[in-house]
Amino acid sequence: MLYLVFVLFELLFANAMYSSKALEGYTAGYLADCPGSNIPTPIDPKYLKYLTISVQQGRSFFSSRSTYSYYQIDELPKNPHVNFSQPSVMYIGGYMDHPSYLPGKVLGVLYKKLGYNVFLLNTNFFTVFDYPLAARNVRSIGKPVAEMLVSLTQYGLDPKTLSIVGLSLGGHTASFVAKNFKLLTGINISRITALDPSGPCFRNLGPEDRLDQSDADFVDVIETNIDEYGMAAPVGHVNFYVNGGEFQPGDVFWVPCTGLCSHIRSFTLWVAALNNPDSFIALKCDSVQDARDKKCYDRTPIVTNIVGLNTDRTREGVFYLSTDNNYPYFLKEKGLKKKYEFFNSHLSLNRRSGTKIFGEQLFESMFSKLYKIKLN
Ligand SMILES: *[C@@H]1O[C@H](CO)[C@@H](O)[C@H](O)[C@H]1NC(C)=O
Ligand SMILES: *[C@@H]1O[C@H](CO)[C@@H](O)[C@H](O)[C@H]1NC(C)=O
């Protein structure tokens with residue numbers, strides 16, 4: 001039984017033993033098309049009071065925040081915890097997200113510690129509907145949010161020191177904010193970091209209807225679940241396909257990390273990257289297919305890039321990032337060597353000859369932290 005599971009594993013997660021694309025066709029990706037989803041929804045101005053920005057005021061998980069609606073935005077610069085001589089970041093959450101949920105809490109504290117003004121955009125009111133409608137709504141709130149940012153520029157906010165971090169659906173919300181900011185001012189926001197920007201309802205849309213590298217001076221994308229909740233196209237300047245981009249190794253290694261788990265990994269990985277600068281080193285690939293197939297190890301010349309705030313903006317393209325299965329996930333230089341690739345080394349269990357009882361191998365794996373390299 002277990003053996004069967006592992007054969008499945010091999011088929012699903014490692015390089016396919018043979019290609020059956022001619023029989024199977026190609027994946028369309030989860031909820032690829034949502035007809036009508038690029039038609040903006042009209043937003044009644046009375047609902048803009050629910051469109052708010054919260055200011056992170058301290059460096060602790062329990063720090064207070066002050067919240068300003070669309071109609072109160074001119075009050076925000078008076079907040080003593082805002083100093084526009086410092087860089088600013090705006091976090092935009094995903095489907096049904098809220099600044100007081102875990103992702104906003106964690107990033108709020110982290111960026112505050114890094115010396116940023118931290119703004120947490122609350123899109124909750126507009127995204128708690130069924131997903132395709134939420135995907136339409138974020139298109140419409142791009143303009144009012146951009147107007148809020150334009151107001152802040154009058155008090156000293158410099159778009160060239162402003163980054164937006166968008167998680168999942170928030171990656172596209174960030175795009176619509178940036179597109180509208182550019183329309184209003186003619187100026188690009190400096191950076192958008194998209195954490196597995198959502199694929200459902202966006203996969204087959206063009207650059208004007210989804211996140212695109214033209215939205216900001218620099219767009220970096222962390223791809224962790226490209227055919228399901230995320231999107232496969234390399235829409236940023238720098239695109240990191242983590243472990244091939246689709247499935248991530250399970251934190252408990254024998255429990256597969258499937259769709260949602262892999263999608264959320266983009267967030268935990270970003271947290272790890274902020275906490276461990278220069279620790280995630282990715283390898284440039286010639287194509288997304290090569291990243292999917294983990295075929296970037298032998299590419300010459302070797303070009304690398306760093307995940308996190310120190311990404312080299314001049315090294316654009318598709319990158320493959322190999323990780324460990326446990327937080328903080330980074331492999332540093334080891335990640336550049338194929339033998340440390342998680343699934344490949346994991347599956348070397350199957351290639352070992354002479355062991356009769358599979359459970360014995362599993363046992364050894366569980367208790368030997370070195371299982372990845374030792375079992376060869
Ligand atoms: C704002 O930040 C700048 C640059 O870090 C610093 O020099 C200045 O003292 C700060 N202003 C206040 C009021 O804290
Ligand atoms: C905005 O950024 C895009 C992509 O980086 C770039 O092509 C474009 O020239 C920039 N526009 C402005 C007005 O700076």
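**Notebook: a first look around the model**

I began with the overall make-up: the protein has eleven helices and eleven strands (DSSP runs numbered from the N terminus, H or I over at least four residues for helices, E over at least two for strands). This is a predicted model, where local features need pLDDT of at least 70 and side-chain atom pairs count only at pLDDT 80 or more, while totals for chains, interfaces and linings use all residues. Residues are numbered from 1 along each chain as its sequence is written, and chains are lettered from A and ligands numbered from 1 in the order in which they are written.

**Entry: burial**

I looked up how much is buried, and found 43% of the 376 residues. Buried here means 20 or more other C-beta atoms within 10 Å of the residue's own, exposed means 12 or fewer, and partly exposed is in between, with C-beta atoms placed from the backbone.

**Entry: helix α7**

I then turned to α7, which runs over residues 259-275. The helix reaches 25 Å from its first C-alpha to its last, close to the expected 24 Å (1.5 Å times one less than its number of residues). I also found a kink of about 30° centred on Arg 265; the bend is the angle between axes fitted to the seven residues ending there and the seven starting there. Arg 265 is also among the buried residues of α7, which include Phe 267 and Trp 270. What do the buried residues of α7 pack against? I noted α3, β5, β6, β7 and β8, going by contacts (C-beta atoms, placed from the backbone, within 7 Å).

Most residues other than glycine have a negative phi, and most peptide bonds are trans. I found a cis bond from Thr 300 to Pro 301, with omega near -10°; Pro 301 sits in the loop between α8 and β10. Another cis bond joins Tyr 327 and Pro 328, with omega about 5°.

Is Asp 196 buried or exposed? Asp 196 counts as buried because 30 other C-beta atoms lie within 10 Å, whereas Leu 31 is partly exposed because it has 18. I placed Asp 196 in the loop between β6 and β7.

**Entry: ligand 2**

Last, I checked what surrounds ligand 2: Gly 186, Asn 188, Gln 213, Ser 214 and Asp 217 (a C-beta atom, placed from the backbone, within 6 Å counts as near).

Definitions and conventions. Two residues are in contact if their C-beta atoms, placed from the backbone, lie within 7 Å.
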